[in-house]
Structures are given as structure tokens and as C-alpha cells.
Amino acid sequence: MPPPRTRGTALRQRLAELRGPGVPAKALDARALAALAANPGCKRRALLDGAGVNKAALAGALGSPSAFGQSQFALTRGNAFEAKVKADGGAELLRLVHERLDPGAEPPASASVPDLTASGPEGRTARTALALREATGPARGTWTLLDHPMLALEVAGSPAFLEPDAVVVHPDGTWTVVEIKSFPMLDGSADPAKVGAAARQAAVYVLALEEVAARLDPAPKVRHRVLLVCPKDFSNLPTASAVDVRKQRAVTSRQLARLTRIQDIADALPEGVCFSPELPAEQLTAAVAAVPATYAPECLAACELAFHCRDRARAAGAVTSLGRSVRADLGGLSRVDDVLAAARGEAGDPGDPAVAALRRAARLRAEALGAMCP
């Protein structure tokens, strides 16, 4: 007799059905989680990411292929730089951690680098938790480097497995997240947009580490200043900067908590919905349309389905395609046609501040055009 299906088992089976027969789940990484937290109202992304759907393949099957992602050259260069930073047991990496974050500690002449090998993400997560507990135990006083540990974080009722570049345990038992990026630091500073993206990604790792720490007694401190390691100027030599991620951590935690549970989104779908890229485009289009989306122009830099969602938002005349700030200013006017009708005085409540502002703007525009064309 088969074992009874628990809620967790039923959800995993349901998500596998949404991916399609034999389609493996795509891991939900910290970059995707940071992007998801930036748009918590998008049920479409929450479900597809939670189900492990390959959104790049789905976008291609829909006829709106994704136009962003790292090139093979960038990936190769990044991997080579990371290997250089971690060479010799992570000596250079630990030197940077000591110099930028913990200069008062004993210099890291040597460090423990535990083996984190295990079967599957659950096994690697358990092995990482064990290594952190051992490194923070009564025999503390040495440096420990965890190379590509595996952490777990519950997102909308479904576990996400995350793999930071490194986690360092200091001699005092505190934990630090290390992010290694291939973009350069020129004269001690890097591109603010790229640093911001790295900070949001590191904040996700900090949240996951805090969950591990909370299970220990006493709970060790997870540092909110992470180490960002990049190439120095135009060389391949590593340099580093301490980045305070308290703000990003608070925002990400709040936004992830707002996400609708994946189980609830899946339960609201029609029977037979599937997102397998092997299905006909018409069927896939209907399946994607069955999940509500919250499109904004910012999605173009963070989601593989952004072009598809933008086309649908424009076709529906949704003002969200104009940006979140414009949408907020327009109040209850959610369609472009309604906005234009309100501006022309054909519709809308004159007492509505948004309608009044639109009509005033329309009058000013007409006056300006009349002055230019006598």
C-alpha cells in the first residue's frame, strides 16, 4: 500500500506536473530570488520559479526569447577569477576578509576547509549545516572557509536551495557571506548598479544563513557586512570591499513574506495547465495567461519572460507598461484608453486628483502647441 500523500508531497507532484513529464526542475538561485522579491505581486514569476520552470526555454517556445544573460566568455572569465581568489586553500580570500572585515582577529595563517560533498541538494544542505556547527563549536578560535556551501530558504511555501560563492567562519564564531564577481573595481569603486545587484543577492544568502544560525544554541551572529571581491582595475588581481546589506536584507525579507503561497496559486489554475516547452505555442500561451502577472519595465533586466509580458501588457493597454511610478500616479485608471479619455474630459470623475491633473496637463499641452503653431 503506497504511503499517504502529505501536503508537501502533493505540492511537489503538482509542481512536477506543471513542468511537464520528464522535465527537470531548474534551481531557484539567489539572483532569481532577489528579482522575485523586487516584484512580489507577480504570481506568474512566483509560480514558475517555485515550480522550477526554465523560463528562458519557455520564453523561446512562446516566440519572445530572452535577451539577457551572461555570455560563455564572461562565465569562463568569472570561473577563472574565482579559482584564483580561492587558490591555496583560500589564503588570498581569507586575507581580504581579515583586512576588510576583521582586522582585530588573529591573521589567517591557515584555515579549515571542510568537505561539503553530499548527495543531492538536501544532503549538501545538511552537510553545510553540520560544517557550520562544527566550525562554531567550543573549539572555535580558527578560521574556516566553506567553499560553495548549500543553504535552504523557504519561499512561498516551497524550499529554494542556494549556493553562495563562500561563507567564512571567523575565529570569534561569526559568519560572513562572500560574493565573488568578475566586474572590476576601478580606483576602489565599482559600477553602483552591479554592486547593488550583488548586495541584493548577498542579502538572500544572509537570510538563509540566519535560518541555519537560529537552529544552533547559542545562535552565532551572521554579519550584515558581506565581502564583495572583484578584479582590481584592469588586472586579474583580486581586491575587495565590505558592503553593508542590512537595508537589502530587510527589504528582501519583507517582500518574500508578501509572496502568495505557491500552493494557493497552483490550486487556482485550470486542470491540465502545463508549461513544458515541448507543447504547442498556442497551448503554452493559454497556460501562461492563466497565471496573473504584474509587469513593469524593470522586469526587462530581471526576468526571461519580460518581453512576452510586455507585449501582453501593451496589447491590453495596461498602464503598468509605462512604469510603477506612472501607475501609482494614475490611481484607479488602469488602462491607457481610460487615461486618454480622462485627459480629454470624456470620462472620469472631475473630483479625482488623477483625473484633474490629467485634464490640467492636457490644457497646458494644448496651450503650448497653440502658441507654437499660430
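This passage describes the fold of one protein, from its overall make-up to single residues. The model is predicted: local features need pLDDT of at least 70 and side-chain atom pairs count only at pLDDT 80 or more, while totals for chains, interfaces and linings use all residues. Residues are numbered from 1 along each chain as its sequence is written, and side-chain values use heavy atoms, with hydrogens and water left out.

The secondary structure of the protein consists of 15 helices and eight strands. Helices (H or I, at least four residues) and strands (E, at least two) are DSSP runs, numbered from the N terminus. Along the principal axes, the C-alpha atoms fill a box of roughly 80 × 70 × 40 Å. Of the 374 residues, 44% count as buried. Buried means under 20% relative accessible area, exposed over 50%, and partly exposed in between, with a 1.4 Å probe and protein chains only. The protein exposes about 19200 Å², and carbon and sulfur atoms supply 55% of this area. Accessible areas come from the Shrake-Rupley method with a 1.4 Å probe; for residues, only the protein chains shown count as cover.

Contact means heavy atoms within 4.5 Å. Among contacts with a separation of 6 or more, 66% come from residues 24 or more positions apart.

Six strands form an open sheet in the order 1-2-5-6-7-8, with mixed pairing. Its edge strands are strand 1 (111-112) and strand 8 (238-244), each of which pairs on one side only. Two strands pair if DSSP finds at least two bridges between them. Strands of a sheet pair through backbone hydrogen bonds, either parallel or antiparallel. Strand 1 and strand 2 (residues 143-147) run parallel and are joined by two bridges. Here Ala 111 has Trp 143 as its bridge partner.

Strand 5 (residues 166-169) and strand 6 run antiparallel, with four bridges between them. Val 169 stands opposite Trp 175. The hairpin of these two strands has five residues between them, and Gly 173 takes a positive phi near 90 degrees. On to strand 7 (residues 225-231), strand 6 makes three bridges, and this pair runs parallel. Ile 180 stands opposite Val 229 in strand 7. From strand 6 the chain crosses through helix 8 (residues 192-214) to strand 7, in a right-handed β-α-β crossover. Right-handed means that, with the strands pointing away from the viewer, the path from the first strand over the helix to the second runs clockwise.

Strand 6 (residues 175-180) is largely enclosed by the rest of the structure, because six of its six residues are buried. Trp 175, Val 177 and Glu 179 point one way. Thr 176, Val 178 and Ile 180 point the other way.

Leu 33 lies in helix 2 (residues 30-38). Its relative accessible area is 0%, so Leu 33 is buried. Not counting residues up to four places away in sequence, Leu 33 touches Leu 28, Leu 153, Val 155, Ala 160, Leu 162, Val 204 and Leu 256. Leu 33 and Ala 160 are 127 residues apart along the chain, yet 8.8 Å separates their C-alpha atoms.

Thr 128 belongs to helix 7 (residues 120-135). Its relative accessibility is 2%, so Thr 128 counts as buried. With residues up to four places away in sequence again left out, Thr 128 touches Leu 116, Leu 146, Pro 149, Met 150 and Leu 151.
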